[in-house]
Protein chains: 2
Amino acid sequence: MTMIPPNGNLFARLPHAAPQHAAPQEDITELLTTPDVRIERIVSTGQASPSGFWYDQDESEWVVLLTGGAGLRFESETEVRELKPGDYLHIPAHARHRVEWTHPSEPTVWLAVHVR
Amino acid sequence: MTMIPPNGNLFARLPHAAPQHAAPQEDITELLTTPDVRIERIVSTGQASPSGFWYDQDESEWVVLLTGGAGLRFESETEVRELKPGDYLHIPAHARHRVEWTHPSEPTVWLAVHVR
């Protein structure tokens, strides 16, 4: 008989957003890892990518923002994409991008699916 | 230069829940398909699995319920799992399961990641 793992909840145990005392790092929880896929919950509490930093990933990433808000900038684009709850996009491998800002007072919950 | 696809929104263009005139089928939108992964938005508006029907899938499925609610039953378990927004679980391949009910009046939005 197959054992089915218990349920989890994406909005449980959120770190608190505290603008004056922002955590230096986003909070990342690995939810599923297979040889081809990694699903993560990422919680941002006001963090942004360091000045001049660009993510340049070997894997493609499908990501949805579920709460809060964020500004996502691609190097190949001039405008910052403003993401609100429910907004998703597919980031091709090596599409250089950075997080310009995340919501200063609400936790920003992302669900990211990294695909090899 | 890599073209980045435009954003979409998971909560856009939801079918209306209409208990008296329920759509016969759930509404399924394919969001990403690669050789190893298929990401879908599924919107239930009161549907349940037909009596006596069990899903028995060759792929494993990671699924999260984002709005509405549902009762999920595994053949290997006696209790129905009641899912509320944010609840996620990993359904191993061939873990026979069925949807006992979905919310009668609010759309139930699921995000499903099928992994080969």
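This is a predicted model: local features need pLDDT of at least 70, side-chain atom pairs count only at pLDDT 80 or more; totals for chains, interfaces and linings use all residues.
For my own bookkeeping, residues are numbered from 1 along each chain as its sequence is written, chains are lettered from A and ligands numbered from 1 in the order in which they are written, and side-chain values use heavy atoms, with hydrogens and water left out.

**Salt bridges**

I looked up the bridge between B:E59 and B:R38, whose closest N and O atoms are 3.5 Å apart; a salt bridge here is a side-chain nitrogen of Lys or Arg within 4 Å of a carboxyl oxygen of Asp or Glu. B:E59 sits in the loop between strand 3 (37–44) and strand 4 of chain B and B:R38 in strand 3, so the pair ties together parts that are 21 residues apart in sequence. Strands (E, at least two residues) and helices (H or I, at least four) are DSSP runs, numbered from the N terminus.

Since A:R116 is in the segment after strand 9 (108–115) and A:E59 in the loop between strand 3 (37–44) and strand 4 (60–67), the pair ties together parts of chain A that are 57 residues apart in sequence. A:R116 is partly exposed at 47% relative accessible area, whereas A:E59, at 18%, counts as buried. I also noted that A:R38, A:E40, A:E59 and A:R116 are linked in a network of salt bridges, and that the structure holds 18 salt bridges over all chains.

**B:S60**

I next turned to B:S60, which lies in strand 4 (residues 60–67) of chain B and counts as buried at 13% relative accessibility. Its side chain makes a polar contact with that of B:H90 at 3.1 Å, a polar contact being a pair of N or O atoms within 3.5 Å; within protein, one must be able to donate a hydrogen and the other to accept it, and residues adjacent in sequence count only if both atoms are side-chain atoms.

**The two chains together**

I read that chain A can be laid on chain B with an RMSD of 0.0 Å by a turn of 180° and a shift of 0.0 Å along the axis, the copies being superposed by least squares on the C-alpha atoms of residues with pLDDT of at least 70 in both. I recorded this as the relation of a two-fold axis. The C-alpha of A:D36 is the one in chain A nearest the axis, 3.4 Å from it.

At the interface, 38 residues of chain A are in contact (heavy atoms within 4.5 Å) with 38 residues of chain B. The area buried between the chains, meaning the accessible area (1.4 Å probe) that two parts lose on being put together, summed over both, is about 3,300 Å², of which carbon and sulfur atoms give 66%. A:I4, A:N7 and A:Y88 supply 19% of the area that chain A buries against chain B, more than any other three residues.

Definitions and conventions
Buried means under 20% relative accessible area, exposed over 50%, partly exposed in between (1.4 Å probe, protein chains only).
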